[in-house]
Amino acid sequence: MNLEEFKKKSEEEIALAQKEVDDVKDENSLNLFKGKFLGKNSNLTSFFASMKTVPNEEKKDFGILLTNLKTKLNAFFQKKEEELKQIALNHRLEKERVDITLPGYQKELGSKHPFYAIVDDVTDFFLGLGYDVAEGPDVESDENNFELMNIPKDHPARDMQDSFSIDETTILRSHTSCVQARVMAVAKGQGPIKVICPGKVYRRDNDATHSHQFGQIEGLVISEDATFANLLETLTLLLRHLFGDKREVRFRPSFFPFTEPSVEADISCFECNGKGCSLCKHTGWIEILGSGMVNPNVLRLNGFDDKKYKGFAFGIGIDRVAMLKYGIDDIKRFYANDVNFIDQFRKE
Amino acid sequence: MLFSYKRLSTLVDLSSIDEKALIERLTFSGFEVEGVEHLASASNLVIGEILTCENHPDSDHLHLLTVDTGEGIRNIVCGAPNARIGLKVILALPGCELPAIGVTIKPGMIRGQMSDGMCCSLVELGVDKALLDEKQVNGIEELPSDAPVGEHNVLGYLGLDDTILDINVLPNRPDCFSYVGMAREISALFSLPMKEIPVLKDTYSKNIYPSSATDKCNRFDAIKIINAVPVDKTPEDIVRTLQANGIRSLSPIVDLGNYSMLLSGQPLNMYDADKNPSDQYIIRDDFEGVVKCFDGKEISLIKGDLVVCNEKEPLCLAGIMALENAAVTDSTKNIVIEAASFYHANIRHTSARLGLTSFSSNLFAKGRNPKMISEAVAITLSLLPLFFKSYEVVAYASYDVSEKENKPFAFSYDALNARLGSSYTKEEIDAVLKAYRVEKKGDMLYPPKDRVDLKEQCDIDEEVFRFYPASKIQPTLVNYPITHGSLTNAQKLQREIRSLLVDRGLDEILSFTLISEKEDASIRVFSSEPSYKLVNPMTKDHEVIRSDLLPSMLATIEYNVSRQHENLALFEVSDVHTPKGNHKYLSIGLRGNRPLTEMFESRPYDFFDMKGLIEAIFNRLGIASTRYRLSYSKNPAFHPGASADVFMGKDLVATFGQLHPNISKDKIFLAEVDLGFLFSLKGLKTKFTSYASFPTVRRNLSFRMNEKVTYEMLKKEILRVKNTFVKSVDYFDDYYDKDSDSHYLGLSLLLGKEDGTLTDAEINASMQAIVSSIKATFGLTLRGE
């Protein structure tokens, strides 16, 4: 067989293999194809055997042609083999298909109580402004709760806060303002002070909108140059943090025995954006908290020089903020602890 | 307090401002207007005259009327018993809306007879029944015979076209619990002129003797009037003012007292002068005994109740109620009027104890200003001609030990702006001082007599702030003290423990501190000492300050179970206050099934779910298991075989496990942990240690157990055997074989060397040493052995 003849045969072999490989549909016919074109009895094997009869000067060209033939035949086989593998794999994957709409496996999460969700949120806000968190007991002295807060015995303002008594000098605190007295006692007349005091408070008050137990967060700042303008900005930032950047905040003069001047802060209603709805009683505004400049008499009573130091204080109702923020209809839900209620605050 | 707009406008000229502007300004100067109501409201009314009145043929109480409206005659069916020919009436025409009764008048047939309108009572126009007499409530309103038929502005004709403002007067402004005081405030805020307020000209004889035997009264004025002949009827406009304030007109003498009080803020009491011929009126606070009120009711008085007496007996319960022996009656001709200042706390305590409160006792409880009694007397004297056809003022005297002027105080413009962070000009501040009649001499300010709340500089700061819009002060953080804020370690740990429990699927609860005595006694963990008890509880359910959190946890579980929430995992962190000290506890409750990660699968909670939580908490706090020990709980509220007390040294730090069936038939797991104690401990310090990089091997052993041996004992013994290369021992299986009645405990041992790979020979030798040691110590054999 001369080179030309071999070239021709080789091309015929490639053409045949190309034709037959298209008919290969499964592993069995792939094996037959392999045997026929690449196996012991294949033409390829006999071509290799005939190499020894080729004249030396043609051996090189012959060899190139032969290798080329083998490569091509192998390529047919490998391509088809890969194709069949993919088909088989796809077939398997098809069988492994899951219903992606079924629910994922869960490790059930619990939920914070919304009351504490608000406490945590407000605490984080004030930590960012450099406040500490002060604590005081629920069972408090009459002195801390009232007298040191500028509400002496027989003061008419005591009627505003009817408290629970344990004995003549001990009560359940009626507001968190009493923690102010504790903080100031520890400071021994030295500022600056920046604290918030979250906690439970108690009043002899129980009707549709009141609970005998509720929560407050007191805030107190005392320094040589704290101003009323600082208070107004602090409250504006806080209320926007709690109720959204778009809220308008307004201040109305008010009265508290421990602050002078005193203000109440309102925010524009977030339900109606100030247009008027049932939530804001058609005023466009919602009353949120009370605050003011610390009354100089409170500073004096608690060992601070009122000529040197100034301060401001504020108080936020935790339940009230939670009710407004989450649209809770009844304060009594906080203390009933129905899990259907608590579970609604997972993301808080 | 309620204020009639019409009456206010007789004291301060409101003609240049409208109602809305007034409400807005008041609200933003510290006098929140909490309500705006109309004394009466109705549209489309007319004054008519009944021309004919016949009985309805098909009814025993209805009348058929023809009514002249001035613009024609209408047929009206009317049920009022007082309908009669010639009566002038208020007629509601078709289309008239009566919001008080929620009706719009329409022509229609009533039992077969045409009715083209409705004759009205004042109740139907919206006047409160309590302010009207019986005849006015039960029948249609009877207008005077000279009422103009055809008049459409009926509310105006009746003086009912008034707006009532409900203004929240704060406790620091007792002067504004009066029309004159509020008018002065409005006058200052709007720079509007006040109408003239009478000034006392004392030209009277002193033959009346008010005095006080107690320091609880510092001023007591008395006026004596003789030969007083009351007018037939209190003037209509005054009746309307009384009604606007929720006070019913009774008789001219009573109305005089009430009306003068509304104007001046000073309560008055009237005595029948003939019943106390000595003319001595002495305030005492040491009377004890029973007295009879003007309405015949007997009350018993104790020391501290203030009374007005003559030399022999009480005549009046001061500030609260007249007594029968001196009270005015319809036949009273000679009158003594008392205007006094009583200490607010005495009045408050007496009226609270006796359950007697009135407009005047409420005013006294807020504190009255003795300096303003002269003005109250002047106002009263000026009103006399409106209430009496004839009278003679024969004496006026004043007992007065009160301070005559308010104290002056120092003031600085700069200090005001420094404190408020504001930039009010001197002129702006002076304008406020002028508006509020505060005199300035040098650096000293002299507040007017009526303003007891102006005592020092900060009170002026407030006046300036509320006089101008709040927006005059620019909110800013400039000058804000810079401080490093942070949570304490305990506060951080508390948050982390709460997060850990929420991550593990527990819901946080918030329960009441006050519980019932029964609940308080039901479960106690850390102490059996008595809890704090309130002296003034509102109900028995909330009477005791809990000493432990578990009663609340149990109640919360029961509440949820009753609402078909069967599967519960709850916790609460709370401070607890006891007479022996304050603590911070954690309570946990598990009940029903625990959801597993596999879909729709769950299994009942058991002891080890709770134990796992407790271990996780100790782990999180860095408290090694070697620092605490468990023993079966002795607490009678817990299952004796499935509960544990956790001790650190001698201190009980937690109790957890299954609730005793005696407490609840339900299978509930509870825990209470003394978190405050755990937070106070030093946790493990985090420090890196190197770890071996040679492979480890695991070998499992399953021992046939007996009753005496516990997992903990096995583990300790295995770790005790020397040279076994055991790094840790874990529990992996608990198996009960019914056939052989045997209990097998499977342990998984991790073996390794720091300096090389273990050989099979080393491993086998270790395992043999362990097995023979267990056999020798406890007599236990391996499974299958």
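A polar contact is a pair of N or O atoms within 3.5 Å; within protein, one must be able to donate a hydrogen and the other to accept it, and residues adjacent in sequence count only if both atoms are side-chain atoms. By this rule, 40 residue pairs are in polar contact across the interface of chain B and chain A, both residues being at pLDDT 80 or more.

This is a predicted model, in which local features need pLDDT of at least 70 and side-chain atom pairs count only at pLDDT 80 or more, while totals for chains, interfaces and linings use all residues. Residues are numbered from 1 along each chain as its sequence is written, chains are lettered from A and ligands numbered from 1 in the order in which they are written, and side-chain values use heavy atoms, with hydrogens and water left out.

**The interface**

Chain B brings 84 residues to the contact and chain A brings 85, where contact means heavy atoms within 4.5 Å. The size of an interface is often given as the accessible area lost when the parts come together. Here chain B and chain A bury about 7300 Å² between them, with 58% of it on carbon and sulfur atoms; this area is found with a 1.4 Å probe and summed over both parts. On the side of chain B, the most area is lost to chain A by B:Arg419, B:Tyr480 and B:Leu510, together 11% of what that side buries.

The rule for salt bridges (a side-chain nitrogen of Lys or Arg within 4 Å of a carboxyl oxygen of Asp or Glu) finds seven across this interface. B:Glu456 forms a salt bridge with A:Arg300, and their closest N and O atoms are 3.0 Å apart.

**Domains**

Domain bounds come from an automatic or database domain assignment.

| Domain pair | Distance between C-alpha centres |
|---|---|
| Domain 1 of chain A (3-95) and domain 2 of chain A (114-345) | 89 Å |
| Domain 4 of chain B (409-470) and domain 6 of chain B (697-782) | 86 Å |

**Helix α5 of chain B**

Helices are DSSP runs of H or I with at least four residues, numbered from the N terminus. Helix α5(B) covers residues 179-190, 12 residues in total, and reaches 16 Å from its first C-alpha to its last, close to the 16 Å expected at 1.5 Å a residue. That expected span is 1.5 Å times one less than the number of residues.

Because 12 of the 12 residues of α5(B) are buried, the helix is largely enclosed by the rest of the structure. Buried means under 20% relative accessible area, with a 1.4 Å probe and protein chains only. Among the buried residues are B:Tyr179, B:Arg184, B:Glu185 and B:Phe190. Just after α5(B), B:Ser191 takes a positive phi of about 55°.

Notes:
Helix = DSSP H or I, 4+ residues; strand = E, 2+ residues; numbered from the N terminus. Buried < 20%, exposed > 50% of the residue type's maximum accessible area, 1.4 Å probe, protein only. Buried area = accessible area lost by both parts, 1.4 Å probe.
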